[in-house]
Amino acid sequence: MSDIDFKIRSRDIDTLLAQIESYNPAAELDIVKRAYEFADTAHSGQTRLSGEPYIIHPLEVAINLTQLHMDETSICAALLHDVVEDTGATLDFIADKFSPDVAMLVDGVTKISAMKNKSRTIAQAETLRKMLIATIKDLRVIIIKLADKQHNMRTIMFQREDKQRRIAQETLDIYAPIARRLGISRIGSELEDLSFRVLYRDEYDDIKNRLAQREEQRTAYIDGIRYTLYKRLTEMELKPEITGRAKNYFSIFRKMKMQDKTFDEIYDIQGIRIIADEVKDCYAVLGVIHTLWAPIEGRFKDYIAVPKSNMYQSLHTTVIGPEGHPLEVQIRTREMHETAQMGIAAHWLYKENKTAKNESYKDLAILNDINKLFDEANTSVQFMKDLKMNLYDDEIFVFTPQGKIVKLARESTTIDFAFAIHSEVGMKAAGAKVNGKIVPLRTKLNSGDIIEILTSKTGHPAAAWLKFVKSSGARYKIRSWLRKNNQITDEEEKTERKPQQKETPRAEVIIPKEEQIKLSKISENKRSMVSIEGTANVLIKLSQCCQPIPGDDVVGFITRGRGITIHKRSCPSLKRMEKEKERFVNILWESSPQNMYPIKLAVEASDRVNLLKDVAEEISLSKTNIIKVDANLRNKDHAVLKFILEVSGNKHLGEIIARLKKVKNVTNVYKLNEKVVIK
């Protein structure tokens, strides 16, 4: 369990140099000494809110970097990271006195000047955007910034309360997730807990006190498990390191909130971490654990065979441990453990070869995503919003029919998968199969799914895809195509960028004056208003019995307590309502091509190879979205394909039907609720 009660310590340059030598005896310490001396002189006379000399802050940031075994260039930049912003030093001077790389890193973490005429939100967004652009060129920029944020959060108690909350929220929204996405859990978990303590102090104290009260009981429980495991593994001549693995406070709080559980209902607060000598030993240990305690179905993950995008590797399993409590177990090698703690920093090559350029980190998903977000966002504020959403993406692992593993963000759809395979596959996607079954393109994927994308030579992206696509890369490519082909307007782009809310379709209701009072009472519950001209823009419900769409002759029926239900005038259901004619109101559809309405459509045909593919392809070319597909054979060769589609109205539906009637072997096309052939 992380104990973040931080006491300010007075450490000096000797502490820093000793730390560097502990992991890099060949380090060039002279340049580090010179950087410290220059920073100490530049910040002379400056103090922090705590009353300490200002030099303590850059020194502590540099010491934080030694915990990640960073190179001398990074440490020099950490010592100098505030001199340009807070003193008279220039970047040119730093480049000349130290090195261009040091100056570049210092520039990357320096706030943008000349932002006085802009709001704090815009200034912060511009500064963060500048820093992340620099990060794409050199990952050390963000690592230095995380170490800087780490020390600032440790000493946040000296800030005003309102500023504490603002900084803590930004840290929880941006910097802790970035640390997690880079695999630097050592910093990520601390930033989470430090922010948690500021923002939710009562909940933080409650969790901390509850854990302290049960410490002895929990330690005894884990010790018993360790003894049982050690005894069994020793018999197999395996001697891994076995330790207790504790969740940080914020992880416990987040799990309680997400799963709507009390503290007493969280049983996996502490688990076991096993560090083995070799990869083969990891799997041997896993086998032993599963013979000792029953594994919980669906709770095993092999991140050794399939590493996370931040290079994290480990075996995860959850078993029913002693006394019937769930027990989380992580199994990894020593090298994997270092990567889990330090993330990308564990693979930094500068410390071994000063002339080498480590390009492997540029494949990190977070950096690719940030690069795409820059291209996509119109403003820095929009970039911040998109970044926050992007940072919280968890991962799933899916497969191509050939067995290739594809990593996607959680809640990704088949369209995200298509673009992840190749841009052209995404551009030409007309349908998809998940685990051998035809599904709509908006279908969300789960780990382990096998996906096949059906393409069409004449296929192309649809604006509707922007409503459900998850990845920034896919969204950027879809929007670029739509812009190029004039299929999305600036106003539609703004609407698409807003969070999507599920809302009942709207209609404009023409209401007789005598009905206004009655409807007003109903509308009040729906937070709707009735205009004095006798019209109202209210939330309404489209009946499922006849599925009316724009162009249909419709009528509204005022229900008791449920607002207005819209029916086609030919709907058989209206016959039982005829005795209450006073509750009928006239309806006028809004003329908005942006509104889409679900309808059920049936296609009958003589069965043949590729029938479903060809039908789905024609529907896709009609600029509509398939919500659901059901395909069956009647008799020997009579196929019935049932679709739920989104259409803008009767005209749009007519275009779809006209296309489908031309498909080879198709004999009938009709709306299911009408049960008549549409000629």
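Which residue of strand 10 is the bridge partner of lysine 433? It is glutamate 452. Before following that pairing further, some ground rules.

This is a predicted model, in which local features need pLDDT of at least 70 and side-chain atom pairs count only at pLDDT 80 or more, while totals for chains, interfaces and linings use all residues. Residues are numbered from 1 along each chain as its sequence is written, and side-chain values use heavy atoms, with hydrogens and water left out.

Confidence comes next. pLDDT is the predictor's confidence in each residue, on a scale from 0 to 100. The protein chain averages 79, and 79% of the residues score at least 70. Over residues 1–9 the pLDDT is below 50; beyond near neighbours in sequence, that stretch has 26 contacts in the model. A contact here means heavy atoms within 4.5 Å. Residues 509–538 also stay under 50, and the model gives them 54 contacts beyond four places in sequence.

Helices and strands are DSSP runs, numbered from the N terminus: helices are H or I with at least four residues, strands are E with at least two. Two strands pair if DSSP finds at least two bridges between them. Strand 8 covers residues 429–434 and runs antiparallel to strand 10, with 5 bridges joining the two. Strand 8 also pairs with strand 9 in the antiparallel sense, over 3 bridges. On that side, the partner of lysine 433 is isoleucine 438. The hairpin of strand 8 and strand 9 has 2 residues between the strands, and asparagine 435 takes a positive phi near 55° there.

Together these strands form an open sheet of 3 strands in the order 9-8-10, with antiparallel pairing. Strand 9 (437–439) and strand 10 (451–455) stand at the edges with a single partner strand each, so one side of each is left without a neighbour in the sheet. Neighbouring strands are turned by 35° against each other on average, direction ignored. Angles come from axes, which are lines fitted to C-alpha atoms, for helices over the stretch in contact; they run from 0 to 180 degrees between N-to-C directions. Helix 24 (residues 611–621) packs on this sheet and touches strand 8, strand 9 and strand 10. The direction of helix 24 makes about 130° with that of strand 8. Strand 8 is mostly covered, with 5 of its 6 residues buried. Buried means under 20% relative accessible area, exposed means over 50%, and partly exposed lies in between, using a 1.4 Å probe and protein chains only.

A second open sheet has 5 strands in the order 1-2-5-4-3, with mixed pairing. Its edge strands are strand 1 (241–246) and strand 3 (301–302), each pairing on one side only. Strand 4 (residues 315–320) and strand 5 (residues 326–333) pair in the antiparallel sense over 6 bridges. Threonine 318 stands opposite glutamate 328 in strand 5. Helix 13 (residues 215–235) lies across strand 1, strand 2 (270–276) and strand 5, at about 30° to strand 2. Helix 16 (residues 334–342) lies across strand 1, strand 2 and strand 5 too, at about 110° to strand 5.

All 11 of the 11 residues of helix 3 (residues 56–66) are buried, so helix 3 is largely enclosed by the rest of the structure. Its buried residues include His57, Glu60 and Asn64. The cover includes helix 1 (13–23), helix 2 (29–42), helix 4 (72–80) and helix 9 (140–154).

The axes of helix 2 and helix 4 come within 9 Å and cross at roughly 5°. Helix 2 and helix 4 are therefore roughly parallel to each other. Angles under 35 degrees count as roughly parallel, over 145 as roughly antiparallel, 65 to 115 as roughly perpendicular, and the rest as oblique. Among the residues making the contact are Ile31 and Tyr36 of helix 2, and Ile75 and Cys76 of helix 4.

Individual residues complete the tour. Cysteine 76 is buried, with a relative accessible area of 0%. Cysteine 571 also counts as buried, at 6%. A search of the whole structure finds 0 disulfides, a disulfide being a pair of cysteine sulfur atoms within 2.5 Å. Aspartate 281 sits in helix 15 (residues 279–292). Aspartate 281 is buried at 9% relative accessible area. Leaving aside neighbours within four places in sequence, aspartate 281 is in contact with Leu238 and Ala276.
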